[in-house]
Amino acid sequence: MIGSYRHILLAVDFSEHGNHVIRKARYLAETFQAKLSIIHVLDNIPMPDMAYGTIVPLEEYSAYELLEAEKKKLEQVADRLGVDVRQRWLVWGVPAQEIVRVAEQEQVDLIVVGSHGRHGLALLLGSTANSVLHHAKCDVIAIRLQDEVTSEESILEGSALGPLAS
């Protein structure tokens with residue numbers, strides 16, 4: 001039986017399957033009357049290396065524009081979940097390491113993260129969920145990401161969180 005949780009950290013990646021994980025985290029927070037925090041780790045926004053003269057094509061989005069877009073997505077989801085602004089984390093780094101670091105720093109009881117349920121070679125290479133599970137000092141719930149997504153389930157749509165049951 002799951003223990004009583006006081007502080008839940010939801011790790012989001014804004015994938016097309018993310019609403020399922022968001023709904024589960026909201027359900028758990030409501031069930032346990034726990035504080036809900038949210039984290040998104042930036043790990044793939046291209047940053048120019050000015051010391052070596054790296055050139056970013058003008059037709060591409062700038063790193064700043066990409067960063068602002070990710071920040072806006074996080075704010076939208078956190079606002080809909082009612083997450084206090086002091087409990088929102090947008091950090092740069094290796095996702096699993098940063099999720100575990102923030103969980104420890106904030107004394108989180110439970111981390112909720114999505115999992116693709118990888119098999120074979122992908123399982124051997126690991127995933128963010130697998131790494132969080134093996135390194136976190138608190139409980140971790142890996143929510144299997146659903147394969148099919150409808151346009152109504154888009155994270156950025158107003159009805160994104162929809163009903164709790166799924």
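On one side of helix H2, Tyr64 and Lys72 are exposed, where exposed denotes a relative accessible area over 50%, buried one under 20%, and partly exposed a value in between (1.4 Å probe, protein chains only). The model is predicted, so that local features require a pLDDT of at least 70 and side-chain atom pairs a pLDDT of 80 or more, whereas totals for chains, interfaces and linings use all residues. Residues are numbered from 1 along each chain as its sequence is written, and side-chain values use heavy atoms, with hydrogens and water left out.

Opposite Tyr64 and Lys72, the buried residues of H2 are Ala63, Glu70, Leu74, Val77, Ala78 and Leu81. In general, an α-helix has 3.6 residues a turn, so residues three or four places apart point the same way. The buried residues of H2 pack against strand S1 (7–11), helix H1 (18–32), strand S2 (35–42) and strand S3 (88–92), a contact being defined by heavy atoms within 4.5 Å.

The protein contains 5 helices and 5 strands, assigned as DSSP runs (H or I, at least four residues, for helices; E, at least two, for strands) and numbered from the N terminus. Along the sequence, their order is β-α-β-α-β-α-β-α-α-β. Of the contacts with a separation of 6 or more, 82% are between residues 24 or more positions apart. Of the 166 residues, 40% count as buried. The protein exposes about 10200 Å², of which carbon and sulfur atoms supply 53%; areas were computed by the Shrake-Rupley method with a 1.4 Å probe, and for residues only the protein chains shown count as cover.

The count of aromatic pairs is 1, on the criterion that ring centres of Phe, Tyr and Trp (its six-membered ring) lie within 6.5 Å, with planes under 30 degrees apart termed stacked, over 60 edge-to-face and the rest tilted. Tyr5 and Phe32 form this edge-to-face pair, at 5.2 Å centre to centre and 85° between the planes. Tyr5 lies in the segment before S1 and Phe32 in helix H1, so the pair ties together parts 27 residues apart in sequence. Tyr5 is buried, at a relative accessible area of 7%, while Phe32, at 22%, is partly exposed.
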